[in-house]
Amino acid sequence: MALSGIQIYKLLPQTNCKECGFPTCLAFAMKLAAKQVELGACPYVSEESKKQLAESAAPPIRLVTLKADGNEVKVGNEVVMYRHEKTFYNKPGLFLRVKASDPDLAKKVTQADAYKVNYVGMDFSLNGYAIEADGDLTAAVKTVREVTKRPLILISNDAAALDSSLSLLAGETALIYAASESNYESLAEVAKKHKAVLAVKADTLDALADLTQKIQTKGVEDMVLDLGGKNLGDWLMRSTQVRRLALKNFRPLGYPVIFFAAQNGVEKEAVYAAQAIAKYAGFVVIDTFAPEMIYPLLVLRENLYTDPQKPIQVQPGVYEINSPKPESPVLVTTNFSITYFAVANEVEGSGLPAWLVVTDAEGMSVLTAWAAGKFDAERIAKAIKGFNVADKVSKKRLVLPGHVAVLSGEVEEELPGWEVRVGPREAVDLPAFMKQALN
Amino acid sequence: MPIEIPKDKWPGSIRTVTIGATSAEGGTRAKTVTVGGGTTMPYLHFEAPTPNKPAIAIEIKSRKPEDWSPLLAEVWGAAMADPAQWAKKAEEAGADLLVLALTVEDSPEDAVKAVKSVLGATGLPLIVWGPGQAEKDNELLVAVAEAAKGERLVLGICEDKNYRTIVATAMANGHLVQARAPMDVNLSKQLNILISDMGMPKDRILMDPTTGALGYGMEYGYSVMERLRLAALQGDAMTQFPMIVTPGFEAWKTKEAKVGEGIPEAWGDWKARAIHWETLTALALVESGADIVVLRHPESVKRVKDAIGELVVA
Ligand code: B12
Ligand code: SF4
């Protein structure tokens, strides 16, 4: 819990020597509480006070970073239960579980590693791999490391196998899964030696909290929790309880959570993973490499982790699609990313050239912007004029989204000399419309 | 070390609403559906049990829809041309209740006929939507409300531009209403107030906060639902209605669900993707407090039902 100015004051020397640049220690404490100055500005803070102040400033959920050569996954550091309260910050890492014994291991990881999908202009992929040590772990790590540069989770209870495997991953931060009551001492030692993150597992939250504290005394700071739980509802409760406790600064459970989505069968995997993404998981491990499932999961993650105060936007302007020529049509849309890419992707895919004029609608979709008065004839005309669209074309013909057909009369009035056409409602139907109606 | 789990204590709760009426209650339904009653954020059984599980409605139409995804046409087949048959198949697919969506081509007589045939074909409670044009909605829904007096149908969709006629006929004929506002806590509240002020009993209102599909604005609906639920639990009476949302309608509008050709390879298998799209949209909304989700594909119904089963008896 963050300390108040008064609480901080009690930890300062209280000599009012002014060296920090403030007239009194209290004034400095107030600035510290507001996070407007650094503690380092006071040369006289005792070591004990420094420690207490650092602890109070630590995030309620520890930030855990897995690293490989050039790839990083950061999770934790969350501050709210519900995204509207602020935002969710660090997207859960999506990992694919593979088996050390699998003869096709290299092939499977190569295929999964090449997976990339574009959603509104952003490329998404898997974040890493969880290798299950049902065979020779060290050999599997070698094989996998040859075909991917993404972070790894090593699933094994065998401290010696983990030790030799982690030796192959020098300079990386991997995750070891999982320490339990029976093996935590040896696993903590390996984690410490290799600066790995340690997943911790117990049947109840009480036992889990005990275990993380014991492991901490062994010198391991970076941990991840496996909460157990027998089904969706059970896990939802545990995950909610842990997030709540952590946000109340209960340190023993202030760590990110890992969740295995196929634990009750691959047919439930998508739904289990989706709940985990929505409800506070830091790492989600799936067993099936299926693009048709991974794509929606990645989109769900993106949606829930966007800042609710700031819609994803593109820059207003004129976008040239498929090298438009002066006679190519002018299409008008808004600068909400989802809207822009829905339209741009369709036109691009059709191979037909067009000028796409993106108006400044404050990041809103067509109808939302229209309803909010941010996408009207005046704004459209302003964009057409402001971006000098008339200079680029020989045929002054513009196409409005079908959803705002009502605007066509007013746009004609605002833009004399332009032919205003109403396009289809949905972008999917744009290519056909462009082929048939725009010739 | 025994941990003390922090529990929220809320002054408010969600109202309980029952849809459909059996013969003993003045209708003809074989069973009724009761939703709402929650006293915690969704499924937090360590605070209190979930009194009524969320219900799944399957959406059918009075006429064969021409613009639905071929994947839906494939699974419903010829039944799509006959609301009674379609209703039966939807019941077999596991629907707890049905949505019958009327179309602009329907006359009031057509609408009544379609409603009667659906009521005759299954014993499930029924929600009836107008085609979404104010005048037409009023014309069709008044006829339907009168013809099905006492059935405790849900009539929709009431919006701020058009709710009076629908609410009046629902009140006069013993039905419920679905009140839709565009993704805004205050607008939802305001519409609920307007409807209550007309004298509509509070156990006959379902609130539809509007939703978007996964990838197309779903997260806005998700957060508005969480905020509405929190407001209700905090004691704000005009947000304490059960929520109905339409993930099926939204998800099946998306390119991901609708289109099988000329799409990126990274989107994977069409049918599997489309079902994931609908299922995950619905699941996210169930997690954020939906009491009724309206779906379209039987496989999504099965998966969401399964998930709800696990959520309510943790
Ligand atoms: C998400 C959403 C919001 C979000 C905003 C998201 C954003 N950044 O825009 C929030 C919650 C903030 C919001 C707010 C409001 N909303 Co709103 N919202 C929606 C929702 C659910 C989805 C919109 C969306 O993202 N669609 C996806 C994008 C991609 O669609 P699109 O931009 O239309 O683009 C498609 C087509 O138009 C076409 N297209 C686009 N460009 C072009 C160009 C050409 C040339 C062509 C041919 C085609 C084309 O291609 C795209 C894909 O097919 C819709 C309802 C729904 N389910 O659709 C309501 C909706 C748009 N909102 C509505 C309203 C009324 C509002 C508010 C005014 C409510 C209020 N008073 O508070 C506010 C306004 C905002 C404000 N005052 O600040 C109404 C509009 C009603 C109407 N017909 O006028 C809707 C339809 C809901 C409803 N049924 O009442 N909303
Ligand atoms: S430098 Fe330190 S001791 Fe001196 S006034 Fe500032 S806070 Fe107080």
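Predicted model: local features only at pLDDT ≥ 70, side-chain atom pairs only at ≥ 80, totals over all residues.
**View 1. Chain A as a whole.** Chain A contains 17 helices and 17 strands. Of the 439 residues in chain A, 54% are buried. Take the contacts in chain A between residues at least 6 apart in sequence: 64% of them join residues at least 24 apart.

**View 2. The contact between chain A and chain B.** Chain A brings 51 residues to this contact, and chain B brings 50 residues. Between the two chains an area of about 4300 Å² is buried, with 66% of it given by carbon and sulfur atoms. On the chain B side, the residues that lose the most area to chain A are M1(B), I3(B) and E310(B). Together these residues account for 15% of what that side buries.

**View 3. The residues around ligand 1.** The site of ligand 1 is shared between chains, because residues from chains A and B surround the ligand. There are 36 residues around ligand 1. Those that come nearest are T333(A), T339(A), S365(A), V366(A) and E426(A). By type, the shell around ligand 1 divides into 23 nonpolar, eight polar and five charged residues.

**View 4. Polar atoms beside ligand 1.** In chain A, a backbone N or O atom of G363(A) lies 2.9 Å from a nitrogen atom of ligand 1. A backbone N or O atom of A427(A) lies 2.9 Å from an oxygen atom of the ligand. From chain B, D184(B) places a polar side-chain atom 3.3 Å from an oxygen atom of ligand 1.

**View 5. Helices and strands of chain A in the shell around ligand 1.** Two or more residues of the shell come from each of these elements of chain A: the strands β14 (330-334) and β16 (397-400), and the helices α12 (337-350) and α13 (366-371). The element that gives the most is α13(A), with five residues.

Technical notes. Residues numbered from 1 in each chain as written. Chains lettered and ligands numbered in written order. Heavy atoms only, no water. Near = heavy atom within 4 Å. Polar contact = N/O pair within 3.5 Å; in protein donor to acceptor, adjacent residues only side chain to side chain. Helix = DSSP H or I, 4+ residues; strand = E, 2+ residues; numbered from the N terminus. Nonpolar A, V, L, I, M, F, W, Y, C, P; charged D, E, K, R; others polar. Buried < 20%, exposed > 50% of the residue type's maximum accessible area, 1.4 Å probe, protein only. Contact = heavy atoms within 4.5 Å. Buried area = accessible area lost by both parts, 1.4 Å probe.
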